[in-house]
Amino acid sequence: MTFTFVSNYINHHQIPLCDALYRELGEDYTFIQTMPMEQERVDMGWSVDMRRLPYVKCLYESEYECLKRIAESDVVLFGWTQREDLAADRLASGKLTLRVSERLYREGQWKVISPRGLAAKYREHIKYRRQNVCMLCAGAYTASDFQLIGAYPGKMFKWGYFTKLRTYSEEQFDSMKPQDGVMHIVWAGRFIPLKHPEYAVRLAKTLHDRGYQFCMHMLGDGELEPKIRQDAESLGLTEYFRFYGYTAPEQVRDVMEKCHIHLFTSNYLEGWGAVINEGMNSGCVEVVNAQVGAAPYLIRHGENGLVYPNDRYESMEELVLNLFDDWDACKKMGRAAYETIRDVWNAENAAQELLRFTRGLMQGNIIPAEEGPLSTAPAISPRRMYRAMMESRL
């Protein structure tokens, strides 16, 4: 089977999956990059040395070769490309095609009423609803958005981002978290409004006032970083904070391994949130806004992490306070989080399921996975998602 993945550019969130597919398919696997990476992403440390990735080809350097590969491959997976003509030509041929997308209407499903937007969605998606194409939903809110416009009926499946997997022996896992009575909390991301870094300062104030022993690790930089530092200082909390500034992905993981809780406070504008994968893989208890795309797929509330509703700070704070009062529950959920990534939501399993799934499609059969990547994606509306999570309907 020849398999081609077409997306805007390769980055550290895609490499683990691509490496796994290349190990299975060798030269029959290709990743086509359609554009150079934006400087902002390069500055964030997203760029990679493509010379060490034998499966990567650049459309803007060898267009004829790439177009030929897209036309002739048995299976083509299209991500976000800024070149809709590439997918349109492939779909017009009737050949097996997969698409992967985050949600369409992050700012609200009311946007579906836009005539211009709906016309664009018809050209890109709706017109192909009966063709040989499936949608891989990179986030739990994607299926609801596509159902709203009548695209991909019965052909939407769970997907996401798959970060580099770290595995630990029993001894390593049991010993890597500090056991001195101090709870270590990590917050990692860009210091921008949608990610609510100020929640970490509010939480620290409450923890300090209640006499809890803790350390707040803040990884990343951005426009709000100076203010967050100043707020912590003005509240007399400097000794409880460690600010790291920009931190490379591998270093982020090193810090996470030493922390008990990963606080992920982004709002509904966060499409997936790959740092959740990394926190879970590091054995952290995730405390995450349920509006984040990855949360409903990865987290079983109270078993391998915790979610709070609708960007509500007070609900998040209560969950963290409960963890301080029950270290055993914290340890148990952290281990379950690690096992979720180790056993199910990792690149190796995703690649195996993707190849199994596409081989079935080539024979005319749609066979979803039982759980995790390529299992059926339920179309649950954003306003009902938190309740669905509480009722374990995912």
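How many salt bridges does a search of the whole structure find?

1. The search finds 22 salt bridges, a salt bridge being a side-chain nitrogen of Lys or Arg within 4 Å of a carboxyl oxygen of Asp or Glu. The model is predicted, so local features need pLDDT of at least 70 and side-chain atom pairs count only at pLDDT 80 or more, while totals for chains, interfaces and linings use all residues. Residues are numbered from 1 along each chain as its sequence is written, and side-chain values use heavy atoms, with hydrogens and water left out.

2. Lys164 sits in the loop between strand 7 (156-159) and helix 7 (170-175) and Glu250 in helix 10 (residues 249-257), so the pair ties together parts 86 residues apart in sequence. Helices (H or I, at least four residues) and strands (E, at least two) are DSSP runs, numbered from the N terminus.

3. Arg335 pairs with Glu170 in a salt bridge, the closest N and O atoms being 3.4 Å apart. Because Arg335 lies in helix 14 (residues 327-343) and Glu170 in helix 7, the pair ties together parts 165 residues apart in sequence.

4. Asp343 and Arg342 also meet in a salt bridge, at 2.7 Å from N to O. Salt bridges that share partners join Lys164, Arg166, Glu250, Asp254 and Glu257 into one network.

5. Ile299 is in the loop between helix 12 (295-298) and strand 13 (306-308). Ile299 counts as buried, at 4% relative accessibility (buried means under 20% relative accessible area, exposed over 50%, partly exposed in between; 1.4 Å probe, protein chains only).
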